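Student: I'd like to learn how to read helices and their packing in a model. Could you walk me through it?

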Amino acid sequence: MNSLASDQVMTKNDKTVLGFWIYLMTDVILFATLFATYAVLRNNTFGGPSGKDLFNMPFVLTETLILLTSSFVCGLSVLAARRGSKNQAQMWLSLTFLLGMVFILMEISEFHRLIVDGNSWQRSGFLSAFFTLVGTHGAHITVGLIWLVVLRWQMFTKGFTDSTLRRLTLFSLFWHFLDVVWIFIFSIVYLMGVA
Amino acid sequence: MNKESHSSLSSYLLGFMLSLLLTGTVYIVATRHLFDGGGLVLVIMILALAQALTQLMLFLHLGQETKPRWKLGVFLFMLMVLLILVGGSLWIMQNLNYNMAMPATDTMKDERIYR
């Protein structure tokens, strides 16, 4: 019986990462229900505009590239932190925050334009589903940005301890996960919407 | 240690390049209408799944853990729930649409119901 050999025992770090991973997988289920709702309601425009009339594709492509770059840069920050180069880790993390902020501001301006033009979530079933799905993703991004501010503050006051490094790892999982969800929003909502 | 961090830098770079390539490809295919109808939907879905898989493996390191593969197990269970949830919803709603929203004469013709 070798099953309890020391190399097979989970460390505290492994357990925390697994627990967070299970949370992320349940979050996928939340998004799956919203995607299913959107797929059912996407043609119910109630005489109002459809995705083809509303979506500005170059704008959405820019959003997509910004979020993708933010996700990549976040990975670079984790690598730098593990190497012990604190300044680099801080710099990449600031860039992650900046890009995430630009993304959410672009999304808010898109929502604002839609609402001002009279195409809010009250206009049709399609728009209700659109705002719920894309807005839930945006809410996750907002929470991520707040988390990032708290993390930066902890790194500033406590330095690069085991626990701040662990939190950075969890944040990077969260951020990469949100980019994967966005791939499907970009494809199913926007690209199929204008096709 | 040093070698390990080098190899994960290259995996992040590879993931970023592949994601950029796939995003660009799917954008051109969809906005220039290189396929139509069901074919386009299929191509968009395949490219989205390819990019999701790329990022899951290279950014989220899925499948790189050692033996009791809990992360992979939870992921596969989530995938099963997701397929039942999304597939089931679309199936039910399409059926409902077919039975309730189409003119009754069409449904009767399709189902070979004669008075």
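Predicted model: local features only at pLDDT ≥ 70, side-chain atom pairs only at ≥ 80, totals over all residues.

Student: What span does helix 6 of chain A reach from its first C-alpha to its last?

Tutor: Helices are DSSP runs (H or I, at least four residues), numbered from the N terminus. The expected span is 1.5 Å times one less than the number of residues. Helix 6 of chain A (residues 162-194) has 33 residues and reaches 47 Å, close to the expected 48 Å.

Student: Where does helix 6 of chain A bend?

Tutor: A bend is the angle between axes fitted to the seven residues ending at a residue and the seven starting there. Helix 6 of chain A bends by about 25° at A:Phe186.

Student: At what angle do helix 1 and helix 6 of chain A cross?

Tutor: Their axes cross at roughly 20° and come within 11 Å. Helix 1 and helix 6 of chain A are therefore roughly parallel (angles under 35 degrees).

Student: How many residues does each chain give to the contact?

Tutor: Residues are in contact if their C-beta atoms, placed from the backbone, lie within 7 Å. Chain A gives 36 residues and chain B 33. On chain A, helix 1 (12-41), helix 3 (57-83) and helix 6 each give two or more.

Notes: Residues numbered from 1 in each chain as written. Chains lettered and ligands numbered in written order. Contact = placed C-beta atoms within 7 Å. Axes fitted to C-alpha atoms, helices over the stretch in contact; angles between N-to-C directions. Parallel < 35°, antiparallel > 145°, perpendicular 65-115°, else oblique.
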